[in-house]
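Please take a moment to look over the sequence and the model shown here before reading on. The paragraphs that follow lead through it step by step.

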Amino acid sequence: MKKIVLLFSSILMALSLFAAEPTLKYGPWIQKVTDTGFSVLFKTSVDVMAWVEVAPDDGTAFEASVRQPFYQTVAGRRYCGKMHCIDVTGLQPGTTYRYRIYRQKLEDASHNNSVHYGPAKVQWVGKEKTFRMKTFDTAAKSCKFAMVCDIHQRSDLYKSLLSGVKPADYDFLLLNGDIVNASVNIDTSIKYTFQPIINLTANMPVVFVRGNHEGRGMDWKLTPEVFPTTNGQFYYTFREGPVAFLVLDAGEDKPDADVEYSGHAMYDQYRAQELVWLKNAVKDPSFVQAPYKVCLIHIPTINDKGSWYAQKWANENFVPVLNEAGVQLMLSGHHHCYFVREKGACGNDFPIVVNDDEERMDVVIAEGKGIDIRVFNTKGEQVRSLKY
Ligand SMILES: [Fe+2]
């Protein structure tokens, strides 16, 4: 009997040790890509100190030499926790790199002067431990990206729409808002936004445009940790190839006083601050000098009879600035159907192209060749095309 109890307790101990081994709960996914760096994000099952090692994609073994480690630090100290965002810097433009995630489990932090970690290990994600990422290149002559929007947690649809996308063929994946219904729980938001397409988000830049639904739910306040941007806002600019992208955020669609917002909404103030930023951002030389200027915003800045409050506000306030700045195209979602408002339809000096919630847009913008938009259904069949 004694032997059985001993055997049983050893099995339990072994199982508990195994269960405590850190795993990657979510990720990795890539944000904040520039010509010289990118950020690797992931969430671990337990507290770990993690780092990312980067190697050129030159055919050598990853283990051929010491690879540069990058740590997440907070005020001079290496971060230890579950939600990780590691900045990789000092890279070359338009260059593909390999990266791996390493981690050490926090074993004992009961003594401030003697914190103990477990052994350092490379973190596998399923059967993979090495991922690839290509930096942006301002000098490139063209830019290609895939855009989806309004997925609303429909993972099978999400996977179908993006099944034809290979990271090596695109510069980035553009999520144009409402990928989730609400940020009720931040883990659920991460799960629905990244896990269904983890083979893409681990290996290609993800550009996030905030939809009004990502602003709902009480974990909304954690959303910026999941989608960090170069200026810490959901309105920001970035450049890839000949295109300067202007990402805007129209906030919620109804007036702040709407009962659905329970007194939380202060989007009038938010949009007013954003407008001040926008007026300066379009004067930045990197924006002014770009051969192409594209605005990305979840709620299109149209002004129809049926338009709701935020849409009308964006039309009246953002559009004059965008016209003056020479924006050549706006890409949006929100309406769950495809339509185009050509130049002049609602005060806009640029076409506004709105994507369907069950279609993917592939956009190629090349110097001297214009803007080429192709739209695909869930079967990967091209259903329409546009040229500007
Ligand atoms: Fe929306």
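Which residues of helix H2 (residues 155-162) are buried? In this predicted model, the buried residues of H2 are Tyr-158, Leu-161 and Leu-162. They cover an arc of only 85° around the axis, which places them on the same side of H2.

S11 and S20 belong to an open sheet of six strands, which has the order S13-S12-S11-S20-S21-S22 and mixed pairing. At its edges stand strand S13 (206-208) and strand S22 (382-387), each with a single partner strand, so that one side of each is left without a neighbour in the sheet. On average, and with direction ignored, neighbouring strands of this sheet are turned by 20° against each other. Within the sheet, S11 runs parallel to strand S12 (residues 172-175) and is joined to S12 by four bridges, and in this pairing Ala-146 stands opposite Leu-173 of S12.

If residues up to four places away in sequence are not counted, Leu-173 touches Phe-145, Ala-146, Val-165, Leu-200, Met-204 and Val-206. Leu-173 is also one of the three residues, with Val-40 and Leu-174, that touch the most other members of the largest nonpolar core, which holds 99 residues. Strand S2 (residues 38-56) contributes the largest share of this core, with ten residues. Because domain 1 (22-134) and domain 2 (142-387) both give residues to the core, the core lies between them.

S1 and S2 pair in the antiparallel sense over five bridges, with Lys-43 in S2 as the bridge partner of Tyr-26. The hairpin of S1 and S2 has six residues between the strands, and there Lys-32 takes a positive phi near 50°. S2 also runs antiparallel to S6, to which seven bridges join S2, and Lys-43 stands opposite Met-83 in S6. Nine bridges, again in the antiparallel sense, pair S2 with S7, where Ile-101 is the bridge partner of Val-52. Strand S3 (residues 68-71) is joined to S2 by four bridges and runs antiparallel to S2, with Gln-68 in S3 as the bridge partner of Val-54.

Strand S7 (residues 96-108) also holds Gln-104, which counts as partly exposed because Gln-104 has 17 C-beta neighbours inside 10 Å. Although Gln-104 and Ala-120 are 16 residues apart along the chain, their C-alpha atoms are separated by 4.7 Å. Leaving aside residues up to four places away in sequence, Gln-104 touches Val-48, Met-49, Tyr-117, Gly-118, Pro-119 and Ala-120.

Another sheet remains to be described. Six strands form an open sheet in the order S14-S15-S16-S17-S19-S18, with mixed pairing, and its edge strands, strand S14 (236-240) and strand S18 (339-341), each pair on one side only. Neighbouring strands of this sheet are turned by 20° against each other on average, direction ignored. Strand S16 (residues 292-297) and S17 pair in the parallel sense over three bridges, and Leu-329 in S17 is the bridge partner of Val-294. From strand S17 (residues 329-332), Leu-329 and Leu-331 point one way, whereas Met-330 and Ser-332 point the other way, and all are buried. In general, the side chains of a regular strand alternate between the two faces of the sheet.

Notes. Residues numbered from 1 in each chain as written. Predicted model: local features only at pLDDT ≥ 70, side-chain atom pairs only at ≥ 80, totals over all residues. Core = buried A, V, L, I, M, F, W, Y, C linked by C-beta atoms within 7 Å. Buried ≥ 20, exposed ≤ 12 C-beta atoms within 10 Å, placed from the backbone. Helix = DSSP H or I, 4+ residues; strand = E, 2+ residues; numbered from the N terminus. Domains from an automatic or database assignment. Contact = placed C-beta atoms within 7 Å. Pairing = 2+ DSSP bridges. Axes fitted to C-alpha atoms, helices over the stretch in contact; angles between N-to-C directions. Arc of directions from axis to C-beta.
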